[in-house]
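Work through the exercises below with the sequence and the structure side by side, and try each task before you read its solution.

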Amino acid sequence: MLSQQIKQILGEQGDIIELDLLIKGTKPAKIIAVDGLVNLRAVGVEVVEPLTLHGITWFAAQKEESDINEIVRNILSGDAALIVDGEEKATIFDSKGFSLRGISEPGQENVIKGPKDSFIEALRTNTALIRRRLNTPDLKFTDLKLGKEAQTNATVVYLEGKAEPEKVAEVLRRLEKISEQFIKSTSSVEESLKDNPWSIFPQVMFTERPDKLCANIAEGKIGILVDGYPIAFIVPAVFNMLFQSGEDYSQNYAHGSYVRLLRYAGAFLSLIIPAFYVAITTFHHEMLPTNLMLSIIKSKQAVSFTTFLEVFALLVAFEILIEAGIRLPKSIGQAVSIIGGLVVGDAAVSAKLISPAIVVVVAATGICGFVVSNSDLANSFRITRILLLVSAGFAGLYGLSLGLIFMLYYLCRTTSLGAPYMTAYKDGDSTIRDGLLRLPRK
Amino acid sequence: MKQSIITVIIVFIVIAVMSNARYFPRMTEITLAEPVFVIGIDRHDNSARVSIVYEKIEGADEGDNNANKKFVDYTEGSSPAAALETLKKRFPREMAISTAEYFLIGEEAAGGNLESAIDFLAKNNTLRLTSSVFIVRGEAGKVCEVLVETRTLDILRNYGEYSGINAISSSMEFYELLSESVKNNAFTVPALVIKEQNGEKIVVPSGYAVIKDGVLVGFLEADAARGYNIITNKSVYSTIELTNSAATRLENANRKIEFRWSGDNLTCIVLNINLNTRVIDSGNNPFFFEYEKEQNRVIFAEVQKSIAASKRLGCDFLGIGELLRMRHPLRWERIRPYWSEIYMAVPIKINVESRLS
């Protein structure tokens with residue numbers, strides 16, 4: 001019997017519910033569901049009661065399924081399966097009732113003049129948020145399952161007619177190729193979507209905001225939502241997208257442009273400040289005004305380490321402080337970071353382990369780095385600045401220039417789903433309109 | 001990735017070859033550098049002397065009396081480069097000559113061959129092109145000693161950046177000296193001299209040194225320097241001292257040069273100068289219109305002195321030939337080979353008018 005087979009596959013488990021009933025008082029049937037995942041009240045009122053009394057059910061979302069593996073997956077997803085004795089198919093009722101957190105404000109992408117809702121862990125709720133904003137028949141959701149063993153529900157969302165069909169097909173192909181047993185983290189999905197998984201620069205963007213996803217879909221991009229993750233992935237993600245923020249578009253274009261330029265400037269400074277400092281203090285003293293040079297020499301008098309080592313060590317210490325601040329509980333994390341930074345920094349300067357100028361350099365670097373709105377890009381810059389520091393440490397400004405040239409070359413070679421990474425800067429108009437600046441829409 | 005690295009290496013080699021780079025920049029920890037403020041170049045017979053003013057770094061932390069104190073050191077050699085190398089070897093630390101903000105060239109060094117001093121400075125590719133240059137009446141080394149003894153090194157900055165305040169000199173940066181030495185065969189360089197005042201030696205601006213064909217030929221005194229500044233459109237902001245304890249402030253001056261021709265012959269050069277002045281000290285004379293006449297006379301005399309100096313030294317450092325070239329290029333081409341003789345002979349009329357407010 002089908003129900004016996006299902007019981008064999010599931011085994012004896014404490015949270016599997018089996019409910020025996022008689023359809024219209026005569027025909028035996030069984031309902032199998034998972035306690036905690038299923039909405040038992042809905043099942044009772046809309047399935048069991050009408051079946052028992054009238055032989056029919058008026059549950060809205062139901063389907064017939066004969067594949068036993070599919071039936072088991074549905075049960076484990078939170079659906080209830082009705083198996084009538086003697087029949088080789090089951091009726092699946094979409095009666096999920098597991099606890100979910102409510103739609104709340106985004107954690108990282110807050111804006112002042114914009115919607116305050118964000119994605120949650122439930123896939124259907126997320127798709128509904130998108131459907132509400134883009135209520136057009138061209139909006140398409142293609143469902144698929146990820147992972148070989150635990151098939152996690154996912155959906156690819158795009159606008160038909162805007163998104164290129166080849167790119168949509170390519171996204172589906174890459175997602176279906178995920179060979180992991182189950183989706184452990186977002187990187188499982190992200191790395192499958194990247195053209196070059198070894199690249200340190202992000203080729204997939206993620207967002208917590210439905211409005212941002214809808215804006216990108218409306219431009220022809222493709223969104224990917226995964227059940228259990230309160231974010232959406234967007235591809236192709238090119239370089240200028242990583243500098244955009246929702247706030248830019250909700251403000252006056254002048255302020256939006258100004259803030260965007262600040263981001264570019266901050267990102268560039270965070271990359272080169274440490275390397276530039278090492279280059280001019282170690283190789284190119286002639287660039288320093290004489291009095292500044294004297295001031296730096298005097299402050300560094302008793303410090304035993306070379307400038308390069310000082311900067312490198314302090315940058316690493318800064319990274320450790322950031323990581324520690326993330327792991328600590330929110331209530332004490334910030335206080336510990338500030339006090340740790342202040343006290344440790346002050347003690348290190350007093351002990352002549354580092355010079356005060358280096359503290360200023362690294363602090364300025366850190367502050368400039370926080371200006372970058374996309375955390376993946378900010379993380380890439382944290383690695384890149386160390387590489388530029390090393391190249392400057394070897395060959396001064398020459399090495400720094402070489403490093404920057406190589407970085408630019410690398411960025412130009414990078415693609416995201418086939419789209420060149422630097423495509424926004426391909427001509428003057430696109431560079432100014434939505435690349436470097438945010439000009440008013442035509 | 002491999003292809004990217006190979007491409008970058010090829011690009012690097014191409015850049016290195018095309019830029020004629022033979023070596024990487026040299027690494028020197030900044031704490032090992034001893035900054036130099038002034039480089040002075042002198043010449044005695046066949047030997048060159050290089051003087052430097054530097055600041056001692058050791059002992060600065062412990063509140064040593066030598067903190068912030070400048071020192072002079074010098075050495076001689078067959079050439080400025082050889083002298084500098086000897087000096088570098090004597091230093092316990094790395095001598096950071098790239099930080100030198102002032103170059104002083106002694107009278108003998110400039111009189112012998114200014115080009116060799118410029119060459120020495122230019123060949124050292126770490127020296128700043130924006131450093132101020134002065135020619136010293138006397139020895140550059142002595143000026144360095146006076147500056148250090150009297151702790152008045154900063155005064156050079158005033159003579160450089162703020163010299164326009166008294167219009168008795170102006171500033172010249174090293175790249176300007178390089179440019180002038182290439183473009184013009186006659187030009188001026190701000191000059192310094194050591195004077196005694198109240199029993200103390202001080203370094204003061206002393207007009208300009210006149211260079212012709214790469215050699216120092218003479219000086220334009222301080223009392224003619226303002227006239228030179230007016231003719232060459234440099235800063236003229238200064239005080240005009242009049243009789244009866246009066247004084248006026250010269251705020252700016254417009255000069256117009258006219259060339260009068262008879263056919264292709266230059267018969268006369270007319271210099272029309274308009275001054276904007278205002279009274280700063282009325283003195284004993286209540287009649288302001290007399291001030292205008294008097295200040296016109298003062299400026300007339302100064303301009304005349306500078307023109308006379310240019311004729312006496314036999315070179316057109318006032319730039320009149322250059323103006324002529326710009327205004328009358330065809331005529332200039334015809335008279336260019338004879339310009340030096342023409343300039344000596346042609347009369348220059350000066351008209352000065354002023355507006356007193």
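Predicted model: local features only at pLDDT ≥ 70, side-chain atom pairs only at ≥ 80, totals over all residues.

Residues are numbered from 1 along each chain as its sequence is written, and chains are lettered from A and ligands numbered from 1 in the order in which they are written.

**Exercise 1.** State how chain B is divided into domains, and describe the contact between them.

*Solution.* Begin with the bounds, which come from an automatic or database domain assignment: domain 1 of chain B covers 23-220 and domain 2 covers 223-357. Next, their C-alpha centres lie 32 Å apart. The contact (C-beta atoms, placed from the backbone, within 7 Å) takes 17 residues from domain 1 of chain B and 16 residues from domain 2 of chain B.

**Exercise 2.** Find how many residues of chain B are in contact with chain A, and which elements of chain B give two or more of them.

*Solution.* First, 25 residues of chain B are in contact with 26 residues of chain A. Then, on the side of chain B, the elements that give two or more residues are helix H1 (2-18) and strand E1 (33-44), where helices (H or I, at least four residues) and strands (E, at least two) are DSSP runs, numbered from the N terminus.

**Exercise 3.** List the residues that B:Leu104 touches, leaving out those up to four places away in sequence.

*Solution.* With those neighbours left out, B:Leu104 touches B:Val38, B:Gly40, B:Phe134, B:Val136, B:Ala140, B:Val143 and B:Cys144.
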